[in-house]
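Let me put the sequence and the model up before I write anything down.

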Amino acid sequence: MTADNWKNVGISAGVGGICGGIGGGFGALGASATGSLLTSSAASPLIASTATNTLGYAVGTGMAGGMAGSYASTATQQILYGYNDPYELMQNTAVGGITGGVTSGALRVSNRISFNSISNKVLVSGKRTWGNRATLTDHFERHGHDFNARSENHYARMAHKFYVNRSNYQTKVDDNGVIRVYDKKTNSFGSYNPDSTTKTYFKPKSRNYFNNQPGK
C-alpha cells in the first residue's frame with residue numbers, strides 16, 4: 001500500500017471516528033431529552049421512575065441513538081470518499097454506541113441530581129406558603145382535584161399563585177385581616193392569613209359563596 005493510500009485510509013478512519021463520536025453524542029442528547037420530556041409529562045411518579053427516569057433506560061436509548069447516528073454518518077462519509085469498508089462501519093457504529101450510552105448515562109445522572117435539587121427547593125417553597133401544614137393533606141385530598149393538582153406541593157403552589165395574582169380577582173379583607181380572593185370566571189376561591197399564607201383553596205359549590213363571606 002502506498003503512502004497516499006495509507007494517508008487516505010488514515011483520513012477516512014479519522015473522519016469515521018469523528019462521525020462515530022458525533023453520532024454517539026447526538027444520539028445520547030436526543031435520548032436524554034426524550035427521556036426528560038416523557039418523565040416530566042408522566043402522570044404517575046411510578047411510571048416516570050420505572051420507565052423513563054432510570055439510568056438503564058438512558059444508557060440503552062443513548063447506545064441505540066449513538067449506534068444509529070454513527071452508522072448513518074460513517075456510511076455517508078464512505079460514500080463521499082468513494083470507498084466501502086464494512087470493518088470501519090462496524091467499528092464506528094460500536095464506538096458511537098459506547099459514546100452514546102456513556103454520554104446519555106452521564107446526562108441522566110446529572111439531570112436527575114439537578115431535578116431532585118430543584119424539586120426539593122420547590123417542595124419546601126410550596127409548603128411554606130401554606131399556613132397550617134397539618135391541614136394541607138386534608139385540603140389537598142378534598143380540593144386538589146378541583147385544580148388537577150398533581151401533589152400537595154403543586155396544590156399549595158397553585159393556591160399561593162392565586163393569592164399573588166389577587167389584583168385580577170375580587171378580594172375581601174375582614175376585621176381579623178383574613179384575605180379572601182375569588183375568581184368568578186373559574187369559580188376559584190382562596191382564603192389567606194394576614195401574613196399571606198394559605199388557609200384554603202377550592203371551588204365553591206355555590207356561586208354566591210364569596211358574596212356571603214365577611215369583609216370588604
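What follows are my notes on the sheet, the core and the aromatic rings.

**Ground rules.** I'm looking at a predicted model, where local features need pLDDT of at least 70 and side-chain atom pairs count only at pLDDT 80 or more, while totals for chains, interfaces and linings use all residues. I number residues from 1 along each chain as its sequence is written, and side-chain values use heavy atoms, with hydrogens and water left out.

**The sheet.** I looked up the strands (DSSP runs of E, at least two residues, numbered from the N terminus; helices are runs of H or I, at least four residues). I found an open sheet of four strands in the order 1-2-3-4, with antiparallel pairing; two strands pair if DSSP finds at least two bridges between them. Strand 1 (170-173) and strand 4 are the edge strands, each pairing on one side only. On average, neighbouring strands of this sheet are turned by 10° against each other, direction ignored; the axes behind such angles are lines fitted to C-alpha atoms, for helices over the stretch in contact, and angles run from 0 to 180 degrees between N-to-C directions.

Which residues of strand 4 partner F189 and S191? F189 has F202 as its bridge partner, and S191 has T200. In total, strand 3 (residues 188-192) and strand 4 pair in the antiparallel sense over four bridges. Their hairpin has five residues between the strands, and I noted that S196 takes a positive phi near 80° there.

I also checked burial (buried is under 20% relative accessible area, exposed over 50%, partly exposed in between, with a 1.4 Å probe and protein chains only). Strand 4 (residues 198-202) has four of its five residues buried, so it is largely enclosed by the rest of the structure.

**The core.** Next I looked for nonpolar cores (sets of buried Ala, Val, Leu, Ile, Met, Phe, Trp, Tyr and Cys residues joined through side-chain atoms within 4.5 Å). The largest one has 14 residues, and W130, Y155, Y192 and Y201 have the most contacts inside it. Helix 5 (136-143), helix 6 (152-164) and strand 2 (179-183) each supply at least two residues of this core. Helix 6 gives the largest share, five residues.

I then listed contacts of Y192 (heavy atoms within 4.5 Å). Leaving aside neighbours within four places in sequence, Y192 touches A159, F162 and Y201, among others.

**The rings.** How many aromatic pairs does a search of the whole structure find? I got 11 aromatic pairs, counting rings of Phe, Tyr and Trp (its six-membered ring) with centres within 6.5 Å; planes under 30 degrees apart are stacked, over 60 edge-to-face and the rest tilted.

F147 and Y201 have ring centres 3.9 Å apart and planes at 5°, so the pair is stacked. F147 sits in the loop between helix 5 and helix 6, and Y201 in strand 4, 54 residues apart. Both are buried.

Y182 and F210 are stacked too, at 5.5 Å centre to centre and 15° between the planes. Y182 lies in strand 2 and F210 in the segment after strand 4, so this pair ties together parts 28 residues apart in sequence. Y182 counts as buried at 4% relative accessibility, and F210 counts as buried at 3%.

**Charges over rings.** R166 has its charged end over the ring of Y163, 4.1 Å from the centre. K172 lies over the face of F210, at 5.0 Å from the ring centre.

Technical notes. Lys NZ or Arg CZ within 6 Å of the ring centre and 35° of its normal.
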